[in-house]
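Open the model in your viewer and keep the selection panel at hand. The stops below say what to select next and what is there.

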Amino acid sequence: MALTPDEVRKVGTLARLALSEDEIDRFTHQINDLLEQFARLQELDTEAVEPTSHAVPVAALLREDVVRPSLPREAVLAMGPKVDPWMGGFIVPQVIGESQ
Amino acid sequence: MAELHDMTAAQIADLLAKGEASAREVADAFLARVEAVDPKVRAFVTVTAEKARAQADAVDAKRRAGEPLGPLAGVPVALKDNLCTAGVETTCSSQILRGFVPPYSATVVEKLDAAGAVFPGKVNLDEFAMGSSTENSGLFVTANPWDLKRVPGGSSGGSAAAVAAGAAPLALGSDTGGSIRQPASFCGIVGLKPTYGRVSRYGLVAFASSLDQIGPMARTVEDAALLLNAISGHDGRDSTSVPRDVPDYRAALTGDVKGLRLGVPKEYFAEGVSAEVRERVLAAIEVLRGLGAVVDECSLPTTDYALAAYYIVAPAEASSNLARYDGVRYGRRTDKVGSHVELFERTREEGFGAEVKQRIMVGTYALSAGYYDAYYAKAQKVRTLIKREFEQVFSRFDAVVTPTAPTTAFAIGEKSDDPLAMKLSDICTIPANMAGIPALSQCCGFDAAGLPVGVQLMGPAFGEETLLRIAHAYEQATDWHTRRPAL
């Protein structure tokens, strides 16, 4: 069940990567190589096996519901590549009612 | 007196306790060593000399005031650059995080800071800890101190190279599929991946959350135990950290392995493991037998499938964890901003390196509609099989002994065009991550080219004390750990 370049392009869209044609070509080969490796797992009978999502089971622990300070807004905004410190937000291209 | 940079953390702590050196002298000695060797080794992404000196001065002031000092007070610890450090750039060796200065520190960093440790700087890794050589670093490649034309291993290659080069007596690494143990093996030092949940992951930039674990890297087993003491324990900020008492790991170093049952799983000595590695590891097993350990063969047949399952689970989790890098809240943003979707796509395309993109692609595909059961769910079931198999083996054995990596350090560039060959270098280390169990690598000799060989000990969950005890006994009986690369 080999992937085609078009399918890889779709995966790129899902992953939000603007891949070049070269990359699509390379990833098609590399992913198909890996899928061949993955196919080997079908040799194992896992019909009656429960999946392990965490190796060391821990009961869900609830933290005390205590009001604590969070990071100050200025400290969070200081990390942003483009911010509006007066409005107190991150600047992004128009999302709603896009004209393009 | 030996040079400070040749000393172990325990020896340095002892000197400081006796007042024979100040923390400032220690910090200056290691910063001078960084200046002398790092142009060749290139382990450091960021040197934080000022911060280190300030931390050292604070330790000295405390001592003058007669305040109690922790066992790591004044001891330098290099930090892998995927550990968040408040006020200090944390790059993950990725262009997408260039310039990222976190507003908080990882729990392990806070704990070490509180214990009085001194941070000389942040060290290199394969981008987002994805790789086995540091060649995937988005910044530069680190060299192996034993042979500068070879890789130090990865992804914690900067941590391993820094310790082997004497640029720091201790370092923290992180291990998702062998990223502490394989570089420890390539650089001839001790590296321990603790049981999943032993150490808080809060502030560790996430790669594969169900596999990642932070652990100590050091020149000796005693030093690794000291560092593990300082970083272990439950943390309310990491719900997967385990609420379980932390023993004094140094107290486990009794030197006595008489009667301990050691399993030798034959699958780890199969084709692909170089003759020299096999020979050195078997010789190490004979040393342990000579010390009174009871050695027997065992079998872990699912080992063969661990690599394939890992290369589904790890990329799947990575694709999800790395979705947060969108050029909006932190890190770099593309200059070519169009629509908001183009902002995400171009930022990610420009910011991530080839290996990271490949894994995001594999993971996205494995989690996409219609394929989840065939890949991710199947891999998680295989994981259960791997885990069960280890549990069965550990009902008969206290630990198992294997090579850490199938070969010694390879040349820079040798495998960078062959992703599959690169991935095979993790074949002996991945199963411990899949099962969540602790595993340790230490030096057990050198090959004909003078490169270190690593032996790996794996134990049942929370069996760190036994692993450290065995490794310490082996270290006492041999002198590999006293050798230093000529730099």
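**Two packed helices**

Select helix H7 (residues 221–231) and helix H15 (residues 464–477) of chain B: the two pack at an angle of about 155°, with their axes 9 Å apart. Helices here (H or I, at least four residues) and strands (E, at least two) are DSSP runs, numbered from the N terminus. Axes are lines fitted to C-alpha atoms, for helices over the stretch in contact, and angles run from 0 to 180 degrees between N-to-C directions. H7(B) and H15(B) are therefore roughly antiparallel to each other, a label given to angles over 145 degrees, while angles under 35 count as roughly parallel, 65 to 115 as roughly perpendicular and the rest as oblique.

Show side chains for Val221(B), Glu222(B), Ala224(B), Ala225(B) and Leu228(B) on H7(B), then for Glu464(B), Leu468(B), Ala471(B), His472(B) and Glu475(B) on H15(B); these residues make the contact. Two residues are in contact if their C-beta atoms, placed from the backbone, lie within 7 Å. By class, the contact has six nonpolar, one polar and three charged residues. Ala, Val, Leu, Ile, Met, Phe, Trp, Tyr, Cys and Pro count as nonpolar, Asp, Glu, Lys and Arg as charged, and the others, Gly among them, as polar.

Before moving on, note that this is a predicted model, in which local features need pLDDT of at least 70 and side-chain atom pairs count only at pLDDT 80 or more, whereas totals for chains, interfaces and linings use all residues. Residues are numbered from 1 along each chain as its sequence is written, and chains are lettered from A and ligands numbered from 1 in the order in which they are written.

**Helix H4**

Next, select H4(B), where Thr107(B), Val108(B), Val109(B), Lys111(B) and Leu112(B) are the buried residues. A residue is buried if 20 or more other C-beta atoms lie within 10 Å of its own, exposed if 12 or fewer, and partly exposed in between, with C-beta atoms placed from the backbone. The cover over these buried residues includes S2, strand S4 (170–175), strand S6 (213–218) and H7 of chain B. Just after H4(B), look at Gly116(B), which takes a positive phi of about 90°.

**The sheet**

Now colour the strands of chain B. An open sheet of eleven strands, with mixed pairing, has the order S1-S3-S2-S4-S6-S5-S10-S11-S9-S7-S8. Two strands pair if DSSP finds at least two bridges between them. Strand S1 (44–47) and strand S8 (294–298) of chain B stand at the edges with a single partner strand each, so one side of each has no neighbour in the sheet. Direction ignored, neighbouring strands are turned by 30° against each other on average. H12(B) packs on this sheet and touches strand S7 (261–265), S8 and S9 of chain B; the direction of H12(B) makes about 140° with that of S7(B).

Zoom in on strand S11 (residues 452–458) of chain B: is it mostly covered or uncovered? It is mostly covered, with seven of its seven residues buried. Pro452(B), Gly454(B), Gln456(B) and Met458(B) point one way from S11(B), and Val453(B), Val455(B) and Leu457(B) the other way.

Step through the pairings:

- Strand S9 (residues 399–403) of chain B pairs with S11(B) in the antiparallel sense over four bridges; Pro403(B) stands opposite Val455(B).
- Strand S10 (residues 439–446) of chain B pairs with S11(B) in the antiparallel sense over six bridges; Ser441(B) has Gln456(B) as its bridge partner.
- Strand S5 (residues 190–193) of chain B runs antiparallel to S10(B), joined by three bridges; Leu192(B) has Leu440(B) as its bridge partner.

The hairpin of S10(B) and S11(B) has five residues between the strands, and Gly450(B) there takes a positive phi near 85°.

**Two single residues**

Select Lys40(B), in helix H2 (residues 23–41) of chain B. With 13 C-beta neighbours inside 10 Å, Lys40(B) counts as partly exposed. Lys40(B) and Leu487(B) are 447 residues apart in sequence and 8.3 Å apart in space, C-alpha to C-alpha.

Then go to Glu89(B), in the loop between strand S2 (77–80) and helix H4 (107–114) of chain B. Glu89(B) is partly exposed, with 16 other C-beta atoms within 10 Å.

**The chain contact**

Finally, show both chains: the contact takes 60 residues from chain B and 44 residues from chain A. On the chain B side, H12(B) gives the most, with eleven residues.
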